[in-house]
Amino acid sequence: MPSTEANFVYLLRSTSTPNKTYIGVTNDISRRIRQHNGEIAGGARSTRRYRPWKFYALFRLRSRQDALRLEWRAKHAGTRKEERGVDGKVKKIERLAAMFAGARRVL
């Protein structure tokens with residue numbers, strides 16, 4: 001049974017180095033962006049160097065398990081020619097999200 005809690009897969013884009021991106025999962029998007037930007041503790045180590053970050057795309061999924069699966073696939077699946085670059089990464093996540101019932105882009 002899916003939880004009532006919102007689960008998101010997100011794509012961050014660095015505002016200081018626009019070709020740098022990060023894909024992650026969270027259930028609290030406002031807390032998570034503050035962590036990545038160093039305002040509060042807990043951001044991913046790999047995002048420290050290219051701060052500040054902004055959400056570039058956000059996908060809502062029915063369960064945390066689905067969100068984690070989509071994140072893993074987005075990071076490990078092969079990349080098609082048309083899925084290169086920042087906008088291409090969004091296309092890739094959209095393509096992969098279609099495999100999950102109820103997944104939808106919210107940003």
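Which strands are included in what covers the buried residues of α1? The views below take up this and related points. The model is predicted, so local features need pLDDT of at least 70 and side-chain atom pairs count only at pLDDT 80 or more, while totals for chains, interfaces and linings use all residues. Residues are numbered from 1 along each chain as its sequence is written, and side-chain values use heavy atoms, with hydrogens and water left out.

**View 1. The buried face of helix α1 (residues 29–36).** Helices (H or I, at least four residues) and strands (E, at least two) are DSSP runs, numbered from the N terminus. R32, I33, Q35 and H36 are buried in α1 (buried: under 20% relative accessible area, 1.4 Å probe, protein chains only). Seen down the axis of α1, these buried residues fall within an arc of 155 degrees, so they line one face of the helix. The arc is taken over the directions from the helix axis to the C-beta atoms. Their cover includes β1 (7–14), β2 (21–26) and β3 (53–61), with contact meaning heavy atoms within 4.5 Å. Just after α1, G38 takes a positive phi of about 80 degrees.

**View 2. H36 and its surroundings.** H36 belongs to α1. Its relative accessible area is 0%. The H36 side chain makes polar contacts with the side chains of Y10 (2.7 Å) and T47 (3.0 Å). A polar contact is a pair of N or O atoms within 3.5 Å; within protein, one must be able to donate a hydrogen and the other to accept it, and residues adjacent in sequence count only if both atoms are side-chain atoms. Beyond four places in sequence, H36 also touches other residues, including L12, Y22 and W53.

**View 3. The cis peptide bond at P52.** R51 and P52 are joined by a cis peptide bond, with omega about 0 degrees. P52 sits in the loop between α1 and β3.

**View 4. The open sheet.** 4 strands run in the order β2-β1-β3-β4, with antiparallel pairing. β2 and β4 (104–105) stand at the edges, each with a single partner strand, so one side of each has no neighbour in the sheet. Pairing requires at least two DSSP bridges. β3 and β4 are joined by 2 bridges. F59 stands opposite R105 in β4.

**View 5. K92 in helix α3 (residues 85–97).** K92 is buried yet has no salt bridge (a side-chain nitrogen of Lys or Arg within 4 Å of a carboxyl oxygen of Asp or Glu). The nearest side chain of opposite charge, E83, is 5.5 Å away. Lys and Arg count as positive, Asp and Glu as negative; His and the chain ends are not counted. The K92 side chain makes a polar contact with that of T79 (3.2 Å).

Note on methods:
Buried means under 20% relative accessible area, exposed over 50%, partly exposed in between (1.4 Å probe, protein chains only).
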